[in-house]
Amino acid sequence: MTAFDTAEITRRLRAAGCVFAEEETRLLREAAASDAELAGLLDRRVAGTPLEHLLGWVRFRGLRIGVRDGVFVPRQRSALLVDEALELAAAHPVRTVVDLCCGSGALGLALLTGLGRRPVELVAADIDPVAVACARDNLAAVGGRVHQGDLFDALPEELRGRIDILLANTPYVPSGLIARLPPEARDHEPQVALDGGPDGLALARRTAAAAAGWLAPGGSLLIEIGVDQMPAARELLTTGGLTARIVRSPDLDATVAVGCRPTATSGR
Ligand SMILES: C[S@@+](CC[C@H](N)C(=O)[O-])C[C@H]1O[C@@H](n2cnc3c(N)ncnc32)[C@H](O)[C@@H]1O
């Protein structure tokens, strides 16, 4: 048995706690151009580097999204944000989509893809220059523009009052719980992508407070939250002048807070 025997690779991955060890073995084999490269990838994976950072991509809602070292790996649960945005788009015309806190840009790209042939302007933004560079790569093919900066400060003024769908997967782990995250996240994803402040909702609160000024009438803000953050998220949306509802998918173990800017005719 050589060091690169498939069964031995799978055994090492399983011993390191990789649940889908067979699948990971196949993907690492495909990714490596030589035995030496495979050995290096395997060592890094066993030491805890996320598989997606080793491969340089993740599959999200059927799309292959580029993810580079230091960029938050899109989670499958975030498909709920995209599904919910597509539901909203069926009832309300969508011309402008913003993916705030975009990371790799996976959410915006998946939404644009789901909207099909409709002409939609996609703008994304993130505070982290590594994420911005990654999103620029991913969104170039669909003409998405990516800006760097703190929340809405990054956006061009001409978007004010025009955003139909505002996706915001803001970091939502309470600061005190970061230490309890799995090492893959804690040690390999930037703190700025995870840490949501004392109650996990610091960024969500700031986003909700400013969103009404950026949304078009009838436009919606969608924020991913933790299941125990539902009452607080509802409150921060209503405080921001939005009508609030919570969507929960037990299958995806995902929770999304949706805030809609009322139209002028609905009484505001
Ligand atoms: C949980 S990750 C989500 C990334 C991506 N939307 C996804 O779902 O894969 C949060 C992202 O928010 C970004 N971020 C954190 N604080 C920010 C801020 N003040 N302004 C803009 N982006 C911020 C981080 O750099 C990170 O990319």
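At what angle do α1 and helix α3 (residues 35-46) pack, and how far apart are their axes? The close-up views below, all taken from a predicted model, begin with this pair.

**View 1. Packing of helix α1 against helix α3.** The two helices pack at an angle of about 20 degrees, and their axes are 9 Å apart. Because angles under 35 degrees count as roughly parallel, α1 and α3 are described as roughly parallel to each other. Their crossing is right-handed. On the α1 side the contact is formed by Ile9, Arg12 and Leu13, and on the α3 side by Leu38, Leu42, Asp43, Arg45 and Val46. Sorted by class, the residues of this contact comprise five nonpolar and three charged, with no polar residue.

**View 2. Packing of helix α1 against helix α2.** Helix α1 spans residues 6-15 and helix α2 spans residues 21-31; the angle between them is about 120 degrees, with the axes 9 Å apart. This angle makes α1 oblique to α2. In passing α2, α1 makes a right-handed crossing. Helix α1 contributes Thr6, Ile9, Thr10, Leu13 and Arg14 to the contact, while α2 contributes Ala21, Glu22, Glu24, Thr25, Leu28 and Arg29. The contact of α1 with α2 holds four nonpolar, three polar and four charged residues. Ile9 and Leu13 of α1 take part here and also in the contact with α3.

**View 3. Packing of helix α2 against helix α3.** The axes of α2 and α3 come within 9 Å of one another and cross at roughly 140 degrees. The two helices are therefore oblique to each other. The crossing in which α2 passes α3 is right-handed. From α2, the contact draws on Glu24, Leu28, Arg29 and Ala31; from α3, it draws on Glu37, Leu38, Leu41 and Arg45. These residues divide into four nonpolar and four charged, and no polar residue is present. Glu24, Leu28 and Arg29 of α2 belong to this contact and to the contact of α2 with α1.

View 4. The side chain of Asp126 places an N or O atom 2.6 Å from an oxygen atom of the ligand. At Leu151, a polar backbone atom lies 2.9 Å from a nitrogen atom of the ligand. A polar backbone atom of Ile127 is 3.2 Å from a ligand nitrogen atom.

**View 5. Backbone of Cys101 and its loop.** Cys101 lies in the loop between β3 (96-100) and α6 (106-114). Its phi is near 55 degrees, a positive value in a residue other than glycine.

**View 6. Backbone of Asp253 and its loop.** The loop between β8 (243-249) and β9 (254-260) contains Asp253. For Asp253, phi is near 50 degrees, which is again positive in a residue other than glycine.

Methods
Residues are numbered from 1 along each chain as its sequence is written. This is a predicted model: local features need pLDDT of at least 70, side-chain atom pairs count only at pLDDT 80 or more; totals for chains, interfaces and linings use all residues. Side-chain values use heavy atoms; hydrogens and water are left out. Axes are lines fitted to C-alpha atoms, for helices over the stretch in contact, and angles run from 0 to 180 degrees between N-to-C directions. Helices (H or I, at least four residues) and strands (E, at least two) are DSSP runs, numbered from the N terminus. Angles under 35 degrees count as roughly parallel, over 145 as roughly antiparallel, 65 to 115 as roughly perpendicular and the rest as oblique. A crossing is left-handed if the near helix is turned anticlockwise from the far one by less than a right angle, and right-handed if clockwise. Contact means heavy atoms within 4.5 Å. Ala, Val, Leu, Ile, Met, Phe, Trp, Tyr, Cys and Pro count as nonpolar, Asp, Glu, Lys and Arg as charged, and the others, Gly among them, as polar. A polar contact is a pair of N or O atoms within 3.5 Å; within protein, one must be able to donate a hydrogen and the other to accept it, and residues adjacent in sequence count only if both atoms are side-chain atoms.
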